[in-house]
2 protein chains.
Amino acid sequence: MTQIEKWNRFELELQGPSRGNPFLDVELSAEFRCDGEVQKVQGFYDGKGTYRIRCMPTKEGTWTYSTQSNVKELDGKTGSFNCTPAAKANHGPVYVNDTFHFAYADGTPYYSFGTTCYAWTHQGDEMEEQTLATLKEASFNKIRMCVFPKHYPFNHNEPAYYAFERDSEGKNDFTRFDPVFWHHFEKRLDDLLELGIEADIIIWHPYDRWGYATMDEETDYRYLRYLIARISSFRNIWWSLANEYDFLLEDKPMERWDTFFKILATEDPYNHLRSIHNGDVNMNYDHTKPEVTHVCIQNAAIRNVVEWRAQYGKPIVNDELEYEGNVPYPWGAISAEEEVHRFWIMVANGGYAGHGETYFDENDELWWGKGGVLRGESWKRIGFLRKIMEEGPGALSPQRGSENTLFPGRMGRYFNLKFAGGVNDDYHLIYLGDYQHKIMLLPLRHNDYQIDIIDTWNMTITPGKAFKLEGSETYLYDFRGDEKGYAIELPGKPHLALRFRK
Amino acid sequence: MTQIEKWNRFELELQGPSRGNPFLDVELSAEFRCDGEVQKVQGFYDGKGTYRIRCMPTKEGTWTYSTQSNVKELDGKTGSFNCTPAAKANHGPVYVNDTFHFAYADGTPYYSFGTTCYAWTHQGDEMEEQTLATLKEASFNKIRMCVFPKHYPFNHNEPAYYAFERDSEGKNDFTRFDPVFWHHFEKRLDDLLELGIEADIIIWHPYDRWGYATMDEETDYRYLRYLIARISSFRNIWWSLANEYDFLLEDKPMERWDTFFKILATEDPYNHLRSIHNGDVNMNYDHTKPEVTHVCIQNAAIRNVVEWRAQYGKPIVNDELEYEGNVPYPWGAISAEEEVHRFWIMVANGGYAGHGETYFDENDELWWGKGGVLRGESWKRIGFLRKIMEEGPGALSPQRGSENTLFPGRMGRYFNLKFAGGVNDDYHLIYLGDYQHKIMLLPLRHNDYQIDIIDTWNMTITPGKAFKLEGSETYLYDFRGDEKGYAIELPGKPHLALRFRK
């Protein structure tokens, strides 16, 4: 019997009609069953008379299937395969965990440290392989990427493949998908999977000269369903309905976006993560809607992360807090130091962030648009932060405002807890941001933590020693009365963090 | 006849009773008249049988006066003096101008660039003279300073003088002011006037061990009226009801603060500027109340300045956007670079900012508390910014949001106008903050401005040259259609500003 590892992909290949337009004419689906669990999945036409149905088994054991179709030769096909335990590196798809966070299906925490290469799968194999080699060196575990090619400043080249068939004048036949495109796209998803990277798939975007941004409603729905049929069985995908959806509202009104969400929520058998990305900061989609699993946001006002958590009650992923680079636009010209600084603020306050890189290049090869190589300095420090998170005991909750469990109330202002996250009483991570304290008051009642001083830029971790304030130093505690506490000496420069472990 | 320069101080000295308690028993006031203008001012007891009545003439010409008192020997005194034109450096008191800004009484614009030395007048002559020498070198034109001494971390010394008489055990007699204190305090106000510095006088504050923070209501009102009688005739004073008034609310409820404002608004003959400073960022006094002339705010969220302008419709002075330094507290540990950065953001968006410096010192001589010397690096750059403002044609209005007159609407996002201020079409100042554009799109339709590239940290001003985007560079204008525009090459590093002059 065929052996398929849990959360890997089983594929049933069938031969059927190629006459007429199978994309429109042929209905094909299957039920996969294992020990009471049922998956209803759609098949799809893959050209040249070939049909496929894919399944991601979510349970160990024997799976059986049977097909349904309006075409006799595709209907009533049955069979089975055996689902084996997941290998060590296979943790399953990523889902929401503990309200504000993520975890793989096997329970392993997933801390999102994403990057952005919108059109990397449209650059031809040479550059795409280079992108993969770069990703292997970097520490990103998510990538934002478009299905369609991109037309935008620094992005003017034609793609290697097109998602729909085109005539010699470039006119799309939106009723016929081009399997060559999709084989290539799927290979890249598997390449990412091999690197342990989630593909945050941007289904629509406004940067377009090919007609994909202005497809009509019927085409939009057919495209979305074809996408579900082809790739929902890839365990490393997230659905991002759009980049800057609000710039598409003239063509796709809000009701259509709502419908897209509903289709995904009901028809993706694996319930992959779903969100949508705004352009204007005042035009956030209503992420409180139940079909939205997490908040994807574009907003440089990173200090609001605690408010966003309260507002949405979902994981916050700020995928565009502006990019390291030097291009003319505000969204792509912050320094590496500032990029790293913003990541730390997001993460220490219990959110997640996305990276991008936009340095001028004479060949227009900017990482954010096309992939290739990283030229900047922030990506290494972001990897350093990811490592710190993964060495820790769990996801962080912010320690300020109403969630401040360290020093609530007025006393809190004497301790620098603006960017402080905690797991529980045993673990705290406090980012000091722009502050360059020479001595820092410790928000701890007892000297029983191991304290590390983290230099977020130089990527060093140095043990720090708490000392009890005595004698003349107690003036620091004027307002605390008898509650004399502890302090720590610091290098007196910005961009440090403190880690407390019991 | 006595000659008094316009906006200088005329003082009438009278001898009267010293028996009993003249502070409580004696009423004394005067009317000063000049060509239809009438000032009703209160006199005050200055100890040893001496009474004084002060007047700041606001009009050239002959002023006459007559006194009123419940004591015969002080009543009905008359006389006159001649008010001469103001000297070149004397522009009169500062008032609100053009809704969001300030100007001296003679119409000269006043751009507020303040610093903070809360208790500098309580440090003894040697250090106070040092403070004045430092102020002479620096470029601040306002100083926040308390009437009363300060008890706080790094501030533990006894003052040289006390505002009220005290017995040998340090118990205050709140019914008797101590003239020695007031002579000294007034000398310091005149010292500041000589340096062209406005004294932003903090009338109450919570950092206290002497009993001044908890005076009863009657004492509070008597103290405020004594202050008005003594120093309202000093042209360089502003009234700041409190520092962190909200930490005093237990002793002084909101109604009392409202009454303080009303007393000042009706009894200060010169209508000096009035505001009040919060501690908690959520506890701003309601600055929309009509007696409040301008908004004094403590808030590190400097990017909100445009919203504050809209909210209050008054000048915004962020006197505590956190201080350059390295002490344990968040409010006193940002880098010099960050301090300068915050000043530029406030000013470019049409607000004003205040400086402070809190570097650890083995003798606890921190500028913010006691004055002395400046050790940091931000003060020079703040002076550089003040010079740029004073060389410009007027006060700045923000150029973003609804006030964006450069590039309104969606196109605005392709130009970096987050921190852009303009006077009119002839003058714009755009601060680029954290952004390090290598090429910047210019929000101008014609190449007819003189453009300067300002390095806000290195304090250099370099002419920049706009070039028209042509050929392949026009891709930068994908979204602009035929509106091809201009760009400028920049050094590609943060903390630059652009100045446009027609």
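# Close-up views of a predicted two-chain model

**View 1. H272(B) sits in the loop between helix 5 (254-267) and strand 17 (274-275) of chain B.** Helices (H or I, at least four residues) and strands (E, at least two) are DSSP runs, numbered from the N terminus. This is a predicted model, in which local features need pLDDT of at least 70 and side-chain atom pairs count only at pLDDT 80 or more, while totals for chains, interfaces and linings use all residues. Residues are numbered from 1 along each chain as its sequence is written, chains are lettered from A and ligands numbered from 1 in the order in which they are written, and side-chain values use heavy atoms, with hydrogens and water left out. Is H272(B) buried or exposed? With a relative accessibility of 0%, H272(B) counts as buried; the word means under 20% relative accessible area, with exposed meaning over 50% and partly exposed in between (1.4 Å probe, protein chains only). Beyond its neighbours within four places in sequence, H272(B) is in contact with P93(B), Y95(B), S232(B), F234(B), R235(B), I237(B) and W239(B). Contact here means heavy atoms within 4.5 Å.

**View 2. E186(A) and R54(A) join their side chains in a salt bridge.** The N to O distance is 2.9 Å, and the rule asks for a side-chain nitrogen of Lys or Arg within 4 Å of a carboxyl oxygen of Asp or Glu. Before moving on, find the two ends of this pair: E186(A) belongs to helix 3 (residues 179-194) of chain A and R54(A) to strand 5 (residues 50-55) of chain A, so distant parts of the chain, 132 residues apart, are linked. Both E186(A) and R54(A) are buried.

**View 3. In chain B, E129(B) and R188(B) form a salt bridge between two helices.** Here the N to O distance is 3.2 Å. Because E129(B) lies in helix 2 (residues 125-137) of chain B and R188(B) in helix 3 (residues 179-194) of chain B, the pair ties together parts that are 59 residues apart in sequence. The two partners carry separate labels: E129(B) counts as partly exposed at 40% relative accessibility, whereas R188(B) counts as buried at 1%. Back in chain A, salt bridges that share partners join E11(A), E13(A), D46(A), R52(A), R54(A), E186(A) and R230(A) into one network. Over all chains, a search of the whole structure finds 82 salt bridges.

**View 4. A salt bridge between D434(A) and R342(B) crosses from one chain to the other.** The closest N and O atoms of D434(A) and R342(B) are 3.8 Å apart. D434(A) is in the loop between strand 25 (427-431) and strand 26 (439-441) of chain A, and R342(B) is in helix 7 (residues 336-348) of chain B. D434(A) is buried, with a relative accessible area of 9%, and R342(B) is buried too, at 1%. D434(B) also forms a salt bridge with R342(A), with the closest N and O atoms 3.9 Å apart.

**View 5. Chain B and chain A meet through 45 residues of chain B and 45 residues of chain A.** The size of an interface is often given as the accessible area lost when the parts come together. How much area is buried between chain B and chain A? The value is about 3,800 Å², of which carbon and sulfur atoms give 56%; buried area is the accessible area (1.4 Å probe) that two parts lose on being put together, summed over both. The rule finds two salt bridges across the interface. It also finds 14 residue pairs in polar contact there, both residues at pLDDT 80 or more. A polar contact is a pair of N or O atoms within 3.5 Å; within protein, one must be able to donate a hydrogen and the other to accept it, and residues adjacent in sequence count only if both atoms are side-chain atoms. Helix 7 and strand 26 (439-441) of chain B each supply at least two residues of the side of chain B that touches chain A. By class, that side has 24 nonpolar, ten polar and eleven charged residues; Ala, Val, Leu, Ile, Met, Phe, Trp, Tyr, Cys and Pro count as nonpolar, Asp, Glu, Lys and Arg as charged, and the others, Gly among them, as polar.

**View 6. V340(B) is found in helix 7 of chain B.** V340(B) counts as buried at 2% relative accessibility. Not counting residues up to four places away in sequence, V340(B) touches S378(B), R381(B), T456(B) and W457(B).
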